[in-house]
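Let's take a friendly walk through this structure. Have the sequence and the coordinates open side by side as you read.

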Amino acid sequence: MATKKTKTEETAAAYDDRALVLELVRVGEAAAIAAAKLAGRGNEKAADQAAVDAMRTALNQMNIKGTVVIGEGERDEAPMLYIGEEVGTGSGPAVDIALDPLEGTTLTAKAWPNALAVVALAKRGNFLHAPDVYMEKIAIGGGYPAGLVDIDRDPVENLKALAKAKGVPVEQITACILDRPRHAELIAKVRASGARINLIPDGDVAGVIATAEPDTGIDIYFGSGGAPEGVLAAAALRAIGGQMQGRLLFRNDEEKSRALKAGITDLNRKYGLEDLASGDVIFVATGVTSGSMLQGVKITPQGILTETIVMRSKSGSVRWIKTRHGNGK
């Protein structure tokens with residue numbers, strides 16, 4: 001005879017991503033507002049910690065049984081939102097959380113554009129549990145044949161394939177690359193091909209998303225950045241369409257050990273988009289400082305203004321939400 005479920009168990013089993021959207025938007029808004037209050041003050045750690053504290057508080061008000069699978073580091077780095085931390089009231093669906101409370105700590109400290117508060121949510125097991133190591137990445141927007149670009153091909157081959165698919169010369173292709181010394185050879189190859197490069201100082205989640213947004217002028221993303229940011233970017237592309245591949249990069253045996261501890265046995269695996277993020281995914285990003293995708297937080301006499309983009313893979317919907325938070329809250 002089957003055992004009858006309690007109301008708590010029935011609630012925990014239910015997963016309605018649409019019902020969770022607005023609550024997750026509030027999480028992004030809270031982190032962005034907290035970080036923005038420290039924008040331009042030159043203190044990266046303080047801005048990041050403010051965003052972490054605000055995001056944790058907001059997540060713990062959600063009716064979810066959440067586990068942070070992409071977070072701010074290992075457990076011994078608390079009080080950051082660490083990998084494995086449980087969040088939410090514990091009375092709702094079991095979900096995995098991928099987050100970066102402040103994507104662009106340097107951008108915020110210097111009041112530069114494109115800093116974001118980012119959080120994504122999916123059913124348990126739908127995000128790659130990526131360790132905090134580097135990941136080589138390549139991404140393009142939607143509407144192209146599968147496998148048009150490949151992380152194992154020479155960058156120039158990928159540029160030529162994309163240009164051919166778009167029906168334009170390579171000179172009209174713009175690549176987005178993090179401005180880092182490690183990318184010197186990649187940058188030289190891309191420029192030698194005739195393609196343009198948009199070098200960004202930080203924030204490769206926004207860089208990957210830009211490939212799927214026509215107004216940005218970005219056609220392809222190349223290079224290595226954080227693996228956690230790669231999972232977050234994949235969550236966004238799952239909603240808005242696009243192609244992405246990633247491969248973990250290890251600098252030493254300690255990083256390899258962390259990957260094995262996270263359950264990754266093939267250290268050279270090439271991950272596709274759905275290997276990184278699958279199922280019904282919600283992705284939320286709130287602007288901290290104004291940039292190409294979102295307006296940053298503005299503090300006015302009438303209240304605090306925020307702009308958030310929220311994406312759902314199940315419906316393919318993308319919404320921009322502008323909010324005025326009255327009384328400075």
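Leaving aside neighbours within four places in sequence, which residues is Glu213 in contact with? The answer is Ile240 and Trp320, where contact means heavy atoms within 4.5 Å.

## About the model

This is a predicted model, in which local features need pLDDT of at least 70 and side-chain atom pairs count only at pLDDT 80 or more, while totals for chains, interfaces and linings use all residues. Residues are numbered from 1 along each chain as its sequence is written, and side-chain values use heavy atoms, with hydrogens and water left out.

Glu213 sits in the loop between α7 and β8. Helices (H or I, at least four residues) and strands (E, at least two) are DSSP runs, numbered from the N terminus. The residue is buried but has no salt bridge, and Lys166, the nearest side chain of opposite charge, is 13 Å away.

Two terms need their cut-offs here. Buried means under 20% relative accessible area, exposed over 50%, and partly exposed in between (1.4 Å probe, protein chains only). A salt bridge is a side-chain nitrogen of Lys or Arg within 4 Å of a carboxyl oxygen of Asp or Glu; Lys and Arg count as positive, Asp and Glu as negative, and His and the chain ends are not counted.

## Salt bridges

Side chains of opposite charge can pair when their charged atoms come close. By the rule above, the count comes to 13 salt bridges. One of them joins the side chains of Asp150 and Lys270 at 3.1 Å, N to O. Asp150 is in the loop between β5 (134-141) and α5 (155-166), and Lys270 in the loop between α9 (253-261) and β10 (271-272), so this pair ties together parts 120 residues apart in sequence. Asp150 counts as buried at 15% relative accessibility, whereas Lys270 is partly exposed, with a relative accessible area of 31%. Lys270 also meets Asp152 in a salt bridge (3.2 Å, N to O). That pair links distant parts of the chain too, with Asp152 in the loop between β5 and α5, 118 residues from Lys270.

Next come Asp219 and Lys166, whose side chains meet in a salt bridge of 3.4 Å, N to O. Here Asp219 is in the loop between α7 (204-210) and β8, and Lys166 is in helix α5, 53 residues apart. Asp219 counts as buried at 12% relative accessibility, while Lys166 is partly exposed at 34%. Salt bridges that share partners join Asp150, Asp152, Arg247 and Lys270 into one network.

## Ile220 in strand β8

Ile220 lies in strand β8 (residues 220-226). With a relative accessible area of 0%, Ile220 is buried. Beyond its neighbours within four places in sequence, Ile220 is in contact with a set of residues that includes Ile138, Ile140, Val149, Leu159, Leu162, Ile173 and Thr211. Ile220 and Gly207 are 13 residues apart in sequence and 8.9 Å apart in space, C-alpha to C-alpha.

The largest pocket has a volume of about 770 Å³. On a 1 Å grid over the protein atoms alone, a pocket is an open set of points with protein on both sides within 12 Å along at least five of seven lines, a cavity is a set where a 1.4 Å probe fits but cannot get out, and lining residues have an atom within 4 Å of a point. Grid points are joined across faces, edges and corners, and a volume is the space filled by probe spheres set on the points.

The pocket is lined by 32 residues, with Asp100, Thr105, Asp132, Gly226 and Glu229 nearest its centre. The elements giving two or more residues to this lining are α3 (44-59), β3 (94-103), α4 (105-109), β8 and α8, and β3 gives the most, with four. By class, the lining has nine nonpolar, eight polar and 15 charged residues. Ala, Val, Leu, Ile, Met, Phe, Trp, Tyr, Cys and Pro count as nonpolar, Asp, Glu, Lys and Arg as charged, and the others, Gly among them, as polar.

Glu229 belongs to helix α8 (residues 227-240). Glu229 is buried yet has no salt bridge, and Lys137, the nearest side chain of opposite charge, is 5.2 Å away. Leaving aside neighbours within four places in sequence, Glu229 is in contact with Asp100, Glu103, Lys137, Asp204 and Val205.
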